Amino acid sequence: MSFVSYFARRVAHSILILFGLSILTFVIARVMPGDPARMALGARAPKDVVLEWREWMHLDDPFYIQYYYWMRDAIHGDLGMSLRTRRNVAIDIKTFLPATMELILFAGMLSATFGLMLGVISARYRNSLIDNTIRVSAYFAVATPQFVVAIFLLLLFGYVLQVLPTMGRLSGHIPPPPTVTGMITVDSIIKLDFRAFFDALRHLIMPGIALALGPAAQEARITRSSMLDNVEKDYVTAERCQGIPERVINLKYLLKPSVIATVSIIGLQFAGSLGGAFVVEVIFGWPGLSSYGTNAMLNKDLNAISGVTLVIGVAFMTMNLIVDVIVAYLDPRIRLREEE
Amino acid sequence: MKRQVLADLFDKDWESFKRGLFKFSRDPLSLIGLVIVLAVAVLASFAPYIAPYPEHAGKFVNFDEASQAPSLRHLFGTDAVGRDILSRILFGYRFSLFMGVIVLSIVVPPGVVLGLMAGYFKNSWIDTLIMRITDVFLALPRLVLALGVAAVLSPSLINSMIAVSLVWWPWYCRNVYAIASSIRNEFYVQAAEAIGARTPHILFREILPNCISPVLTMVTLDMGIVILLGATLSFLGLGIQPPTPGLGTMVADGAMYMPQSWWMSVFPALAIVVVVLGFSLLGDGLRDLLAEEKV
């Protein structure tokens with residue numbers, strides 16, 4: 001299968017899934033016990049207002065017609081009104097998404113860099129003290145839930161050492177840079193406002209580490225094991241016989257085929273951090289999409305719940321698609337296998 | 001003659017099983033995992049007899065002993081209303097393990113059966129239908145979908161189990177699908193088809209046995225992750241509700257009294273790490289053991 005047709009097939013597949021996902025999110029928000037109109041208007045609203053609202057929201061129509069209206073509005077960027085903020089959910093999401101993207105991208109960079117580095121070191125010095133230390137710590141890191149990491153970081157750096165800020169994205173006394181992307185670090189670089197940049201970066205460190213620790217450990221483990229799988233291969237022995245230095249073999253010839261597994265894990269973990277962000281944002285008071293989503297869930301804000309779920313689903317799927325395409329590009333065997 | 005062949009086969013399997021068991025017993029990490037899991041299981045089962053203050057697991061208030069640091073009287077300290085943290089952790093383990101066991105027993109049978117069907121009828125409409133639905137469920141991060149469902153159903157222990165189950169079955173479906181679709185063309189499956197075996201026989205007698213060890217490994221590894229997800233739900237206020245002691249809830253409640261009363265959230269947090277670590281070590285050991293058995 002050529003690369004282009006593989007790509008086309010994956011995109012078509014994603015669109016199909018997106019359709020299913022929209023049904024799922026719609027169903028989640030509608031199976032709720034209780035009358036949505038009553039919940040929106042309150043217990044003391046007069047009966048005729050409730051009936052009018054039901055009519056307006058198409059609540060008396062069959063399920064598939066309700067879905068049709070919801071989908072039609074969603075395609076036009078209208079996700080309905082949030083009961084809590086009294087604004088359109090789409091606008092709320094636009095406001096809160098950049099903060100989450102900033103956090104996730106930062107955590108993704110951290111975990112990819114450290115995961116790959118530690119994995120390579122671990123494989124290079126296999127069964128040494130360094131390797132064993134990395135492996136045992138990786139075990140702990142994978143088993144530790146993000147909120148536990150977050151709490152320990154908060155206790156250590158926020159309260160005991162008091163070197164890092166514990167809440168929010170920017171200190172109160174620093175004026176935020178004008179919004180371009182909505183990501184404070186990027187915006188402040190654009191404006192060359194280094195004071196704001198370093199302050200925003202300091203705010204990013206703890207939530208970033210909390211989000212990146214588990215993925216970094218997982219990536220290190222995968223990198224190590226796939227490098228060790230390849231170390232036995234004949235071509236490596238051949239290179240060694242030719243007298244190529246061990247360092248060059250490791251970094252130039254061994255890393256490349258080994259990194260394919262890591263790339264797909266990095267992508268999966270990166271997409272998965274959309275879920276982890278829910279916990280981390282709540283702990284560090286990070287005003288992002290996940291904080292918004294958690295509040296919506298605790299308050300049973302239906303439109304907001306389906307909107308957030310849908311947006312996260314789309315983001316998650318897009319990331320997975322990108323990863324699949326990159327991996328298929330790197331490794332032709334995957335494209336060929338698909339054909340069977 | 002036939003009996004001899006069977007006996008040889010059995011001996012071979014038994015030998016490799018013993019070899020695997022030996023390897024398992026020499027692997028310190030797996031043994032640590034096993035010990036942790038057994039210890040937690042015992043502590044959870046006998047919590048009412050072991051816990052120093054079993055009555056502190058529920059609605060109990062004693063402001064005279066509120067917010068006490070760890071001491072001999074209260075090894076892990078007390079919370080803001082004077083309940084013994086250690087006792088509450090032991091009861092928290094009870095609910096965590098209960099949730100893990102229930103969720104996995106709800107999830108594994110349908111996931112496995114659907115995966116078998118989709119894999120055996122690969123490229124038919126059954127495959128398409130089952131796997132496309134599975135894909136939709138896999139298109140969201142587990143935590144997000146579980147949170148959404150738990151929120152909509154109103155937070156409680158039962159509803160969080162429903163939410164997690166709804167999120168979990170597709171993973172079994174997909175893994176079993178991969179195995180089933182790779183062995184549907186094996187000779188013994190074709191032989192069974194040729195002599196006219198019924199579909200259930202082929203699915204459950206010919207294909208299913210190949211899936212048992214991977215599923216067993218997955219269940220062990222997943223116990224830890226289900227417990228973790230349950231704790232995360234209750235941490236966010238969408239799982240176990242107070243006064244029932246949930247490990248996640250305890251961490252969240254304790255976080256409000258940071259950093260003065262650090263013990264309120266640090267010990268429950270460590271309790272979660274220990275149990276999740278135990279299951280993941282045991283699961284990894286089990287995977288090696290079962291992989292060894294195959295050789």
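## Contacts and the model

Two residues are in contact if their C-beta atoms, placed from the backbone, lie within 7 Å. The model is predicted: local features require pLDDT of at least 70 and side-chain atom pairs pLDDT 80 or more, while totals for chains, interfaces and linings use all residues. Residues are numbered from 1 along each chain as its sequence is written, and chains are lettered from A, with ligands numbered from 1, in the order in which they are written.

## Where the chains meet

In the interface, 38 residues of chain A are in contact with 35 residues of chain B. On the chain A side, at least two residues each come from helix 1 (3-30), helix 6 (129-143), helix 7 (146-160), helix 11 (246-283), helix 12 (289-298) and helix 13 (302-330). Helices are DSSP runs (H or I, at least four residues), numbered from the N terminus. By class, this side of chain A has 30 nonpolar residues, seven polar and one charged. Here Ala, Val, Leu, Ile, Met, Phe, Trp, Tyr, Cys and Pro count as nonpolar, Asp, Glu, Lys and Arg as charged, and the others, Gly among them, as polar.

A:I305 touches residues of both chains: A:I28, A:A29, A:A296 and A:M297, together with B:G148, B:A151 and B:V152, leaving out residues up to four places away in sequence.

## The nonpolar core

A nonpolar core is a set of buried Ala, Val, Leu, Ile, Met, Phe, Trp, Tyr and Cys residues joined through C-beta atoms within 7 Å. A residue is buried if 20 or more other C-beta atoms lie within 10 Å of its own, exposed if 12 or fewer, and partly exposed in between. The largest such core has 164 residues, and those with the most contacts inside it are A:A150, A:I305, B:A146 and B:L147. Its largest share, 18 residues, is supplied by helix 4 (residues 85-120) of chain B.

Helix 10 of chain B is mostly covered, with eight of its nine residues buried. This helix, residues 247-255, holds B:V251, which counts as buried because it has 29 C-beta neighbours inside 10 Å. Beyond its neighbours within four places in sequence, B:V251 is in contact with A:F147 and A:I151 of chain A and with B:F235, B:S265, B:P268 and B:A269 of chain B. B:P268 is 17 residues from B:V251 in sequence, yet the two are 6.0 Å apart, C-alpha to C-alpha.

Helix 3 (residues 47-56) of chain A is hardly covered: of its 10 residues, the count of buried ones is zero. A:H58 follows this helix and has a positive phi, near 60°.
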